[in-house]
Amino acid sequence: MRPSTPTDRIYLDHAATTPLCREAREAMLPWLTDSYGNPSSLHREGRHAKDAIDSARETVSKALGCLFAEVLFTSGGTEAANLAIVGAALQYRDAGRDTILLGASEHHCVLHTEAILSALGYRVTLVPVDREARLDRDALDSLVDERVLLVSCMHANNELGTINPIREIADRVHRVGALLHCDAVQTFHAPGQGWTAQDLDADILTASGHKIYGPKGIGAIYIRAGVKLKPLIAGGGQERDVRGGTENVAAIAGFAAAVQLDSPDPGPIRAARDRFVELLRPHGAMESVAGYARVLPGHAHVRFAEIDAESMLIVLDRMGLSASSGSACSSGSIEPSHVLLACGYSDLESRMGLRFTFGRGASVELAAQAAERVIRAVEQIRGSRSSRR
Ligand code: PLP
């Protein structure tokens, strides 16, 4: 095993963000230097910028298997999800539907729309999830009726990596004439995820640039032709009058360049993840999923008895391993994971979840080095506790 010094870092937090790929950086550079036109301007510089956005829209719509006009750019996955949910709530206020259903283990960019929706007079109900954060379809069936305007269900959960059967959920949602929004941030252009908008059959899909080796601060929303959303950012008519503001041409170009690349080969990523969990098992790692068939290839989510995520992540960071708990950090301490709570874990257990996410460049050798550091961290924490007793 190689020595683990802080200069020999291992990054296992690809679900949080990925490094910017060379192709994206190169595609962005002209728009940060000589090509500075405003895409809304009629002169040559403006038309040049507009062409770059059109070409990026073409790339993203092809990747989604949808029409050019069905894709809009936003400032990221968070804004896209807000636009999907709140934009629909505003647009269809007089449609006689007063309820919106959100999956209980959705990302906060979905869950925290609740305050806005309530202020608009909607009833917001959380749809329970199972022990692995997949939407409980029986519960959905009992909650979805003609009063429901929209259901929001993520494609893959960002903490556990578990994948929802979106098409099946879409069928149940469409039966009562409701709309389905799907947060596809963790699966759009992700390793081993070859799907199109038609495959999923959601009415609105949202995606982000920085999870796929593109830049931060850029995202996309697919809005099925015929579905209308009210803008949340009023402005100069950009993005088909649905999202005002001068477009971030550099980020849009970088996003499209990342989409144009093949997504990473899931084979080595899955092999690394599998080896990693295999090495951790004899050391008491409790896995959050029973099997990895319907889980993203790079996700490993484990707990170690009586070791909170915060202590582990601090020790691991010192050992040169970057991972996460998947839960928000506020006032210097890690909150219990709302995802694990929704899965039925206790408050204590929900503070123990550790998420390791492999990405491009993963190998079984890297997995072994990472596992060695995790095992050492567990022993160190357990050792320091028993010596204090
Ligand atoms: N949805 C999911 C499932 C995510 O994992 C994230 C990123 O953490 C987001 C939405 C937010 O995307 P962005 O960081 O582009 O706002």
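Glu 23 and Arg 22 form a salt bridge, their closest N and O atoms being 3.2 Å apart; a salt bridge is a side-chain nitrogen of Lys or Arg within 4 Å of a carboxyl oxygen of Asp or Glu. The model is predicted: local features need pLDDT of at least 70 and side-chain atom pairs pLDDT 80 or more, while totals for chains, interfaces and linings use all residues. Residues are numbered from 1 along each chain as its sequence is written, and side-chain values use heavy atoms, without hydrogens and water.

**Exercise 1.** Determine whether Glu 239 and Arg 57 are buried or exposed, and which parts their salt bridge ties together.

Solution. 
1. The N to O distance in this salt bridge is 2.9 Å.
2. Glu 239 lies in the loop between strand E8 (219-223) and helix H9 (249-260), and Arg 57 in helix H2 (residues 44-64), so the pair joins parts 182 residues apart in sequence. Helices (H or I, at least four residues) and strands (E, at least two) are DSSP runs, numbered from the N terminus.
3. Relative accessibility is 5% for Glu 239, which is buried, and 8% for Arg 57, also buried. Buried means under 20% relative accessible area, exposed over 50%, partly exposed in between (1.4 Å probe, protein chains only).

**Exercise 2.** Find the side chain of opposite charge nearest to Asp 183.

Solution. 
1. Asp 183 is in strand E6 (residues 179-183).
2. Asp 183 is buried without a salt bridge, and the nearest side chain of opposite charge is Lys 211, 8.7 Å away. Here Lys and Arg count as positive, Asp and Glu as negative; His and the chain ends are not counted.
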